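Open the model in your viewer and keep the selection tool handy. We will go from stop to stop, picking residues and looking at what surrounds them.

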Amino acid sequence: MLALLQTDAAQAMALHADDAGRAELAVLHAELESAMGDAARFFALNEAFHLRLLELADNRWRLQMVQDLRKMMKLHRRHSLQKAGRLQASLAEHRALMQAIAARDGAAAAACMQAHFQSGLEAAS
């Protein structure tokens, strides 16, 4: 459910967000890149990145659903990010997503988010 909602938000963001929203997400992504050596900071910024993407996709129902789901999954997701190589993989997935959003390619953004969540699920298991 979480992957579906986030994928839908990524597609909406790529297709409909204004330049200011795209720039704001790019700033958050740059902060995420700089947090590579600090897992706790990376986790917090990753959370902020995903939530801001949802806010910019402008669907309050979807945002509320994801916030509720993320609260239930928080501890499990933190553990998956601590696996060897997962932070680097997550950043690479975010980079691909940001490229799709910058290109205003909704299908690519959706595919990137889907792959990001699939990779996270695999790391968690």
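**Stop one: a buried arginine**

Select Arg62, which is buried at a relative accessible area of 4%; buried means under 20%, exposed over 50% and partly exposed in between, with a 1.4 Å probe and protein chains only. This is a predicted model, where local features need pLDDT of at least 70 and side-chain atom pairs pLDDT 80 or more, while totals for chains, interfaces and linings use all residues. Residues are numbered from 1 along each chain as its sequence is written, and side-chain values use heavy atoms, leaving out hydrogens and water.

Arg62 and Asp8 form a salt bridge, with their closest N and O atoms 2.2 Å apart (the rule: a side-chain nitrogen of Lys or Arg within 4 Å of a carboxyl oxygen of Asp or Glu). The pair links helix α4 (residues 60-81) to helix α1 (residues 2-16), 54 residues apart; helices are DSSP runs of H or I, at least four residues, numbered from the N terminus.

Select Arg70 and Glu47 for one at 3.2 Å between the closest N and O atoms. Arg70 sits in helix α4 and Glu47 in helix α3 (residues 39-57), 23 residues apart. Both Arg70 and Glu47 are buried.

Next, pick Arg86 and Glu93, whose side chains meet in a salt bridge at 3.0 Å, N to O. Arg86 is buried at 6% relative accessibility, and Glu93 is buried at 15%.

Note on methods: Helix = DSSP H or I, 4+ residues; strand = E, 2+ residues; numbered from the N terminus.
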